[in-house]
Amino acid sequence: MSVEVSTTFTVMAPGTMPEIFAGQRGPEAGGCYLYGRHFNPTVHALASELAAMEGTEAAYCTASGMSAIVGALLQLCHQGSSIVAGHGIYGGTFALLAEFLPKRCGIETTFVDTCDLEAVDAALATGAKVLYVETLANPTLRVADIPALAECAHRHGAKLVVDNTFCPLVVSPARLGADVVVHSLTKFINGSSDAIGGVICGSREFVGSLMDLHDGALMLMGPTMDPRVASQMSLRLPHLGLRMTEHCRRAQIFAQRLHELGLPVIHPALPHHPQHALLRRLANDGIGLCGLLALELPDADIAARLMDELQNAQRFGYIAVSLGYHDTLMSCSAASTSSELDPQSLQRAGISAGLLRLSIGYTGTLEDRWAQLLAGLRAVGLLDATTTGC
């Protein structure tokens with residue numbers, strides 16, 4: 001598609017501009033554009049593609065995943081509102097809900113185990129506006145029962161907001177009952193760790209409200225996606241399915257082999273995972289289940305030694321935050337992407353000091369990467385020196 005970089009747009013008749021400001025004209029009504037912070041043709045085109053992918057009426061793209069989360073929640077809530085959220089969520093989202101929104105906006109959050117539907121129901125009964133979950137919890141890979149959570153939220157008059165960053169194409173939350181779906185486009189959807197972006201997917205009415213000139217969270221806060229970034233991300237959507245399939249395939253094979261070697265691996269494709277059957281039921285066919293795995297190592301020191309060995313000796317991957325890159329990225333979550341959680345919150349979320357999250361890449365052959373992983377595990381004493389693996 002073309003890249004429209006203009007920040008402002010000509011109207012052909014003076015009467016058109018008041019109609020745009022009044023919400024009577026726009027991209028979907030007359031093909032009218034006003035200003036880059038409002039709508040941009042290239043960003044709008046990417047948003048339409050992502051809405052189609054997620055099965056929603058509409059979507060709009062933002063400058064980052066966090067801006068998508070903030071925009072969606074502030075549009076759904078007001079001062080004095082309350083939110084119910086899962087214990088195990090991304091650290092930045094936790095800080096937003098636990099600290100920023102209560103202090104700055106008067107919006108309180110109750111954190112619960114979202115696998116405990118009775119606890120969710122009790123928390124929502126207090127009048128919460130939003131139930132917020134991640135399809136796969138970061139980094140514990142616990143699975144949200146989206147249909148059951150949607151039924152619970154709607155029974156109490158709340159909206160279900162689902163962060164689907166870990167599961168593009170794998171799970172379609174809107175088709176399972178979610179009201180709003182957000183992504184950090186920076187991760188799997190972009191795929192190359194070279195551009196930051198987010199998206200909010202939902203009903204046409206909700207997305208329109210986000211862009212309202214008087215009360216729209218995106219319009220007024222201005223987390224605008226650059227159209228060049230939108231074009232770049234659009235060009236990567238056609239091969240997202242191929243990439244996700246290979247991320248998931250390799251992660252599952254590595255997880256199965258690690259499990260067979262007796263290592264404490266977490267991956268929802270493993271039959272002993274507590275929500276294995278649930279994710280099988282929720283997942284779309286033909287993609288896989290998850291492109292990440294986690295190792296529950298004894299402590300942070302062993303996790304650090306393994307990351308050092310895998311990066312600097314074996315060249316297996318990189319010690320870095322984020323995920324969805326074509327090479328493997330490794331991080332010890334309690335000291336990085338979940339460091340915003342206090343010790344008690346980390347314990348409730350099931351995030352130990354030695355939990356090592358690996359976003360499995362697809363470069364190199366699978367067997368070469370497996371050999372590197374085995375060598376790293378042997379080097380730090382997690383496997384016997386004679387272990388050859390599968």
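This note walks through the fold, the cysteines and a handful of local features.

1. The model is predicted. The protein chain contains 14 helices and 12 strands.

2. **Overall size.** For 390 residues, a compact globule would have a radius of gyration near 21 Å. The protein chain has 22 Å, so the value agrees with that expectation. Along the principal axes, the C-alpha atoms fill a box of roughly 80 × 50 × 35 Å.

3. **Burial and contacts.** Of the 390 residues, 58% count as buried. Take the contacts between residues at least 6 apart in sequence: 71% of them join residues at least 24 apart.

4. **Surface and charge.** The accessible surface of the protein chain is about 15,600 Å². Carbon and sulfur atoms account for 53% of that surface. The side chains include 25 positive and 36 negative ones. The centres of these two sets lie 3 Å apart.

5. **Cysteines.** How many disulfides does the structure hold? The count is 0. Cys201 is in no disulfide, and the nearest cysteine sulfur, that of Cys61, is 7.7 Å away. A disulfide would need the two sulfur atoms within 2.5 Å. Cys201 counts as buried because its relative accessibility is 0%. For Cys332, the closest cysteine sulfur is in Cys290, at 18 Å, which is too far for a bond. Cys332 has 9% relative accessibility, so Cys332 counts as buried too.

6. **Helix H6.** This helix spans residues 146-155. Its buried residues are Ile146, Ala148, Leu149, Ala150, Cys152 and Ala153. What covers them? The cover includes helix H5 (117-124) and helix H11 (276-282). Strand S4 (130-134) and strand S5 (159-163) also take part in covering the buried residues of H6. As background, an α-helix has 3.6 residues a turn, so residues three or four places apart point the same way. Just after H6, Gly157 takes a positive phi of about 75 degrees.

7. **The loop between S4 and H6.** Two backbone features deserve a look here. Pro139 is found in this loop. The peptide bond from Asn138 to Pro139 is cis, with omega near 5 degrees. Leu141 is in the loop between S4 and H6 as well. Its phi is near 60 degrees, a positive value in a residue other than glycine. Most residues other than glycine have a negative phi, and most peptide bonds are trans. Is Leu141 buried or exposed? Leu141 is buried, with a relative accessible area of 1%.

8. **The loop between S5 and S6.** Strand S6 covers residues 180-184. Leu169 sits in the loop that leads there from S5. Leu169 has a positive phi of about 70 degrees although it is not a glycine. Its relative accessible area is 24%, so Leu169 is partly exposed. Gly177 lies in the loop between S5 and S6 too. At 24% relative accessibility, Gly177 counts as partly exposed. Leaving out residues up to four places away in sequence, Gly177 touches Ala150 and His154. Ala150 is one of the buried residues of H6. Gly177 and Phe206 are 29 residues apart along the chain, and their C-alpha atoms are separated by 15 Å.

9. **Arg236.** Where is Arg236 placed? Arg236 is in the loop between helix H9 (227-234) and helix H10 (240-260). Its relative accessible area is 16%, so Arg236 is buried. Which residues does Arg236 touch, not counting those up to four places away in sequence? They are Ile189, Asn190, Ser192, Asp194 and Arg243.

10. **Pro27.** This proline is in the loop between helix H1 (16-21) and helix H2 (41-54). Pro27 is buried, with a relative accessible area of 18%. The cut-off for burial is 20%. Pro27 touches Cys32, Tyr33, Phe39 and His44, not counting residues up to four places away in sequence. Pro27 and Gly376 are 349 residues apart in sequence. Their C-alpha atoms are 53 Å apart in space.

Key: Residues are numbered from 1 along each chain as its sequence is written. Side-chain values use heavy atoms; hydrogens and water are left out. Buried means under 20% relative accessible area, exposed over 50%, partly exposed in between (1.4 Å probe, protein chains only). Helices (H or I, at least four residues) and strands (E, at least two) are DSSP runs, numbered from the N terminus. The radius of gyration is taken over C-alpha atoms; the globule rule is 2.2 Å times the number of residues to the power 0.38. Contact means heavy atoms within 4.5 Å. Accessible areas come from the Shrake-Rupley method with a 1.4 Å probe; for residues, only the protein chains shown count as cover. Lys and Arg count as positive and Asp and Glu as negative; His and the chain ends are not counted. The place of a charge is taken as NZ of Lys, CZ of Arg, CG of Asp or CD of Glu.
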